[in-house]
Amino acid sequence: MHAKSEFLSELKARGYIHQCTDEAGLDKLARNEVVTGYIGFDCTAPSLHVGNLLGIMMLRKLQQTGHRPIVLIGGGTTKVGDPSGKDEARKLLSDSEIAANIAGIESVFAKFLSFGDGPTDAQMVNNADWLEELKYIDFLRGYGRLFSVNRMLAFDSVKLRLEREQPLSFIEFNYMVLQAYDFVELYRRSGCRLQMGGSDQWGNIVGGIELGRRTESVELFGLTTALLTTASGAKMGKTAQGAVWLNPDMLSAYDYWQFWRNSEDADVERFLKLFTELPLDEIARLAKLKGAELNEAKKILATEATALAHGRDAADRAAETARTTFEEGHIASSLPTLEVQRADLEKGLGVLNASVDAGFVQSTGEARRQINGGGIKVNDDAVSDARRLLTLADLTPEGVIKLSLGKKRHVLIRPV
């Protein structure tokens with residue numbers, strides 16, 4: 001259908017929408033009133049990653065088109081574990097681990113959303129505020145009876161786990177009921193009528209809509225995006241070195257910039273639409289570039305995406321660092337830095353361990369394989385011996401050792 005509301009028109013034009021429970025109804029609602037919508041983020045790590053970015057951008061679009069976003073921090077549901085898209089149960093975290101993770105991820109949202117008390121200002125709430133107060137037997141009698149186990153078994157989040165003969169614990173099986181209750185609770189507290197998320201959340205979202213209809217006689221809405229993969233089929237947000245974190249203390253602005261710069265050619269137009277705010281006509285122009293010119297579009301993608309997550313100054317510095325390093329062949333002082341004790345270089349620091357410490361690889365075995373393939377360099381010279389030690393003799397005139405993985409990942413090792 002042709003959307004008339006600015007909100008859905010923008011999401012459609014940029015390729016966000018995969019499924020909607022009632023597109024015409026949501027479009028009408030968004031034309032006539034301020035829509036409050038939410039996305040939930042469980043606290044399973046101390047930072048969100050690029051895989052979460054699609055949802056964050058949808059909340060941003062919701063606010064930019066005159067509506068009110070809610071960030072739901074899953075302090076309660078994290079204690080249960082979402083089985084969606086998982087072949088095995090998540091590790092159950094302690095209260096202190098969850099609290100530390102919440103502190104880490106909350107700071108991300110201020111870069112994308114405007115918080116306050118106005119009608120379209122974003123809110124951040126924690127579902128532990130209500131889930132931890134539930135009396136479990138009373139809750140099951142009041143809400144559990146409204147869910148059909150037969151229907152729950154039919155949803156992908158449960159069915160796929162069972163088809164693969166992977167165990168699904170009873171506590172995980174409750175997750176759908178709790179997420180549905182979150183939706184109803186947010187409607188009661190804030191008039192929230194829209195839940196958004198990835199397509200793996202479809203069953204959970206539909207459960208909340210049905211619970212709202214049964215308990216509150218209200219029409220709620222659900223909207224999902226497709227689970228994002230690259231053109232070659234790789235899961236978005238994962239690299240050989242691990243997750244692409246959004247927090248700068250877990251991944252530098254330079255490495256974040258490089259992640260986007262390394263996008264596959266076939267992904268550039270789609271990523272420009274989803275993860276930057278460039279006008280669509282400018283994106284169409286960039287998408288027509290071919291060959292070496294397409295690299296300029298990738299640099300623009302990297303700079304604009306990094307500006308949203310790290311700020312414009314950090315993005316411009318990352319772009320300049322890349323230009324100095326690759327186009328002029330200099331050692332840019334703004335490359336990521338790994339500080340090591342001078343005494344370690346005096347006795348010799350193994351290049352295998354240094355590669356792990358630099359975040360290039362996750363194990364010394366992986367570092368050894370990279371060396372065997374000629375992938376690790378010291379001061380731009382390929383390392384051929386896995387027993388190679390970094391010493392004070394390797395320091396450049398700038399007083400650092402440049403450690404590289406491939407052509408695009410570099411760290412300056414600096415003695416302290």
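The model is predicted, so local features need pLDDT of at least 70 and side-chain atom pairs count only at pLDDT 80 or more, whereas totals for chains, interfaces and linings use all residues. Residues are numbered from 1 along each chain as its sequence is written, and side-chain values use heavy atoms, with hydrogens and water left out.

Two packed helices are described by the angle between their axes and the distance between the axes. Helices here are DSSP runs (H or I, at least four residues), numbered from the N terminus. Their axes are lines fitted to C-alpha atoms over the stretch in contact, with angles from 0 to 180 degrees between N-to-C directions.

The crossing of α10 and α11 is right-handed, that is, the near helix is turned clockwise from the far one by less than a right angle, anticlockwise being left-handed. Residues in contact (heavy atoms within 4.5 Å) include Tyr181 and Phe183 of α10 and Ile205 and Leu211 of α11. By class, this contact has 10 nonpolar, 7 polar and 2 charged residues; Ala, Val, Leu, Ile, Met, Phe, Trp, Tyr, Cys and Pro count as nonpolar, Asp, Glu, Lys and Arg as charged, and the others, Gly among them, as polar.

Further along, helix α13 (residues 268-275) meets two partners. With helix α14 (residues 280-287), the axes come within 9 Å and cross at roughly 160°, so α13 and α14 are roughly antiparallel. Their crossing is right-handed. Glu269, Leu272 and Lys273 of α13 touch Leu280, Ile283, Leu286 and Ala287 of α14, giving 5 nonpolar, no polar and 2 charged residues.

With helix α15 (residues 294-310), α13 packs at about 20°, the axes 10 Å apart, which means that α13 is roughly parallel to α15. This crossing is left-handed. Among the residues involved are Phe271 and Phe275 of α13 and Leu301 and Leu308 of α15. The contact holds 9 nonpolar, no polar and 1 charged residues.

Finally, the cysteines: the structure holds 0 disulfides (pairs of cysteine sulfur atoms within 2.5 Å). Cys20 is buried at 19% relative accessible area, and Cys43 is buried at 0%, where buried means under 20%, exposed over 50% and partly exposed in between (1.4 Å probe, protein chains only).

Key
Helices (H or I, at least four residues) and strands (E, at least two) are DSSP runs, numbered from the N terminus. Angles under 35 degrees count as roughly parallel, over 145 as roughly antiparallel, 65 to 115 as roughly perpendicular and the rest as oblique.
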